[in-house]
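Thanks for coming. I will take a few minutes to go through one structure, starting with strands and then turning to side chains.

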Amino acid sequence: EYSAHLGPIAMARWALGGSHLITTGETDNAVMIWKCNVDDAIQQATSGINDSIHNDKQISIVSDHENNGIGTARLGSQPAVYDSLERIVYPSSNAIISFDRTKNQTATFQHHDMSISAMCVSKSRRLIASGDVDCNTVIWDSQNGLALASLSESRQRGGISILSFLSDDTRLVSISTSEKRNTICIWTTLTGEWSDAYLHAFTLGGIEKAAAACFAPVDTQSSYSLVTSGRNYVSFWSDEQSNLVLSHRLINENVVSIAALNETIVTGTSAGLLLVWRDKDIVDKIHAHNRAVLQLITCPDGLVSASEGIVTLWSRALQRIASYEVATTQTICSLDICTNKSREATMKILVGTESTIYEISVVTGRVTVALIKYIE
């Protein structure tokens, strides 16, 4: 019996035909891969197991308490997303885990040397961006895990805290946060393939920590191109010849989440309100939740919001369609959606917390556990 984990084992699974065992720790937030010495009979008996691991760099241990001390940094947003094949993708230390429930297979991709601190998926689901505590950002193909671009800017400090794609997949905003300042980078591609990625704009974002960021809708003539928010502020940024200029700032609105809906921006506040913005003016206020609106995401029906233990689906007119209770005391750290093939209806909602990933069926209203022990 081996006792390498610093506490109970949360999950164990055979892989590679039974020659290796993967374990995750409940206390130490570690993923360990064990090579097993088995005889031919056991090897033959386990050779039919379908679990497999694919990684473009060989790893044996991914741990928060090892990894040269870098594992002490914690994820800011604990993201969990669907890729283009409806696999569940999430970060674990400096690796990305992709889980295919239909085949019961797990793939591991390692594009970072340091712990991952932010991650997002593009609207097309073709691209995933991940950023680490050393301010390196990688854009990679969600289907095969291949890195398409590696982005870094020496003026960014403190680790990437926010990543968000423009809805047409041609731009990416990365925000880093340190004790002294925020920095904002907008990266772009001319061809859409991201092999030609370059830094389009850079600016200092102020000393207040950014909680969320969102591009303005691409099909509108907004006077701003980017919105950022945090404690007691909402900032509107205009793009003037590759320079980000702060065009408007509203004080005394504690905004913790943002999404673009139709021709408007919708922000969620710590008081449970949805604020609807047209250009730079609030045109509507909706009481959405009794507590903070922690997450917002656009969907074909309209919008999905999350508060403590409650996820709500809204129409495009911001009429409440349905609310779902997620049986957790942990903070909801991320939302994502899965649509039908025509992308005209929301079918599933993915809800990420610190230790569990839940899935909501919009058709039946059923809430199920998709993954237990979400690993940081």
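Two strands count as paired if DSSP finds at least two bridges between them. Please keep in mind that this is a predicted model.

With that in hand, look at strand S13, residues 160–165, and strand S14. The two pair in the antiparallel sense, over five bridges. They form a hairpin with five residues between them. In that turn, Asp169 has a positive phi of about 70°.

Which residue of S15 is the bridge partner of Val173? That is Ile186.

How much of S14 is covered? S14 spans residues 171–177, and six of its seven residues are buried.

Next, the charged side chains. How many salt bridges are there? The count comes to 10. One of them joins Glu86 and Lys348, at 3.5 Å from N to O. Glu86 is in the loop between strands S5 and S6, while Lys348 is in strand S30, residues 346–352, so this pair ties together parts that are 262 residues apart in sequence. Glu86 is partly exposed, with 39% relative accessibility.

Lys348 has a further partner. Its salt bridge with Glu359 has the closest N and O atoms 3.7 Å apart. Glu359 belongs to strand S31, residues 356–361, and is 11 residues from Lys348 in S30. Are these two residues buried or exposed? Both Glu359 and Lys348 are buried. Through shared partners, salt bridges join Glu86, Arg101, Lys348 and Glu359 into one network.

Stay with S30 and S31 for a moment. Thr353 lies in the loop between them, and its relative accessible area is 0%, so Thr353 counts as buried. The Thr353 side chain makes a polar contact of 3.1 Å with the side chain of Gln330. A polar atom of the Thr353 side chain is also 2.8 Å from the backbone oxygen of Thr356.

Another salt bridge is between Glu153 and Arg155, at 2.7 Å from N to O. Here Glu153 is buried, at 13% relative accessible area, whereas Arg155 is partly exposed, at 39%. Arg155 also lies over the face of Phe202, 3.8 Å from the ring centre. A second case of a charge over a ring is Arg249, whose charged end sits 4.5 Å from the centre of the Tyr233 ring.

Last, the aromatic rings. The structure holds four aromatic pairs. In one of them, the ring centres of Phe109 and Trp140 are 6.0 Å apart and the planes are at 45°, so the pair is tilted. Phe109 is in strand S8 and Trp140 in strand S11, so the pair ties together parts that are 31 residues apart in sequence. Phe109 is buried, with a relative accessible area of 11%, and Trp140 is buried at 1%. Elsewhere, ring pairs link Tyr224, Phe236 and Trp277 into a cluster.

That is all I have; questions are welcome.

How values were computed. Residues numbered from 1 in each chain as written. Predicted model: local features only at pLDDT ≥ 70, side-chain atom pairs only at ≥ 80, totals over all residues. Heavy atoms only, no water. Salt bridge = Lys/Arg side-chain N within 4 Å of Asp/Glu carboxyl O. Helix = DSSP H or I, 4+ residues; strand = E, 2+ residues; numbered from the N terminus. Buried < 20%, exposed > 50% of the residue type's maximum accessible area, 1.4 Å probe, protein only. Phe/Tyr/Trp six-rings, centres within 6.5 Å; stacked < 30°, edge-to-face > 60°. Lys NZ or Arg CZ within 6 Å of the ring centre and 35° of its normal. Polar contact = N/O pair within 3.5 Å; in protein donor to acceptor, adjacent residues only side chain to side chain.
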